Amino acid sequence: SSGINAEYGEELTLYKIFGEFEGVSAVEFYNAQVNDQYRAEWDRSVSSLYVVDNITNNREIVYWATRFPFPLKDRDYVFERTHSMTPERIMLESRSITHKAKPVFGDFVRVYKYGAKLV
């Protein structure tokens, strides 16, 4: 489906993906998503991943640099991540931002239009 990203004022394509991980509980999945050190161990595409700024207990600014296969250039992201877990629902939401502590540098292509929501 298509939607309008109000911040950029242009049309973007949105994708809704459903999945199931056998043998992985929702809590284990949640913990794997918010534990950046652990993600760097199992995700070989991660070049760098860490929290730049902790805003609250469940809201932080994250830097993520990732390797892309040739002929694509490697990408990096700066995004705000919020997450919460209740007995009824687990939610993770990310959206790209700019942050003075992470200016564009190196050979990475900065991704300025990024968003993800996991429920």
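**Close-up views of a predicted model**

**View 1. Arg81 and its surroundings.** Setting aside neighbours within four places in sequence, Arg81 is in contact (heavy atoms within 4.5 Å) with Gln33, Val34, Asp36, Val51, Asn58, Arg59, Glu60, Val62, Glu93 and Ser94. This is a predicted model, where local features need pLDDT of at least 70 and side-chain atom pairs count only at pLDDT 80 or more, while totals for chains, interfaces and linings use all residues. Residues are numbered from 1 along each chain as its sequence is written, and side-chain values use heavy atoms, with hydrogens and water left out. Arg81 sits in strand 5; strands (E, at least two residues) and helices (H or I, at least four) are DSSP runs, numbered from the N terminus. With a relative accessible area of 6%, Arg81 is buried (buried is under 20%, exposed over 50%, partly exposed in between, with a 1.4 Å probe and protein chains only). The side chains of Arg81 and Asp36 are joined by a polar contact of 3.0 Å (a pair of N or O atoms within 3.5 Å, one able to donate a hydrogen and the other to accept it; residues adjacent in sequence count only if both atoms are side-chain atoms).

**View 2. The buried face of helix 1.** Here you can find Tyr30, Ala32 and Gln33, the buried residues of helix 1 (residues 26-34). Seen down the helix axis, they fall within an arc of 165 degrees, so they line one face of helix 1 (the arc is taken from the directions from the axis to the C-beta atoms). Their cover includes helix 2 (36-42) and strand 5 (75-85).

**View 3. The largest nonpolar core.** Seven residues make up this core: Val46, Leu49, Val62, Trp64, Tyr77, Phe79 and Val111. A nonpolar core is a set of buried Ala, Val, Leu, Ile, Met, Phe, Trp, Tyr and Cys residues joined through side-chain atoms within 4.5 Å. Strand 3 (46-56), strand 4 (59-66) and strand 5 each supply at least two of its residues.

**View 4. An aromatic cluster.** Tyr50, Tyr63, Phe105 and Phe108 form one aromatic cluster. Rings of Phe, Tyr and Trp (its six-membered ring) pair if their centres lie within 6.5 Å; planes under 30 degrees apart are stacked, over 60 edge-to-face and the rest tilted. Phe105 and Phe108 form an edge-to-face pair, 6.5 Å centre to centre with 65 degrees between the planes. Tyr63 is buried, at 2% relative accessibility, whereas Tyr50 is partly exposed at 32%.
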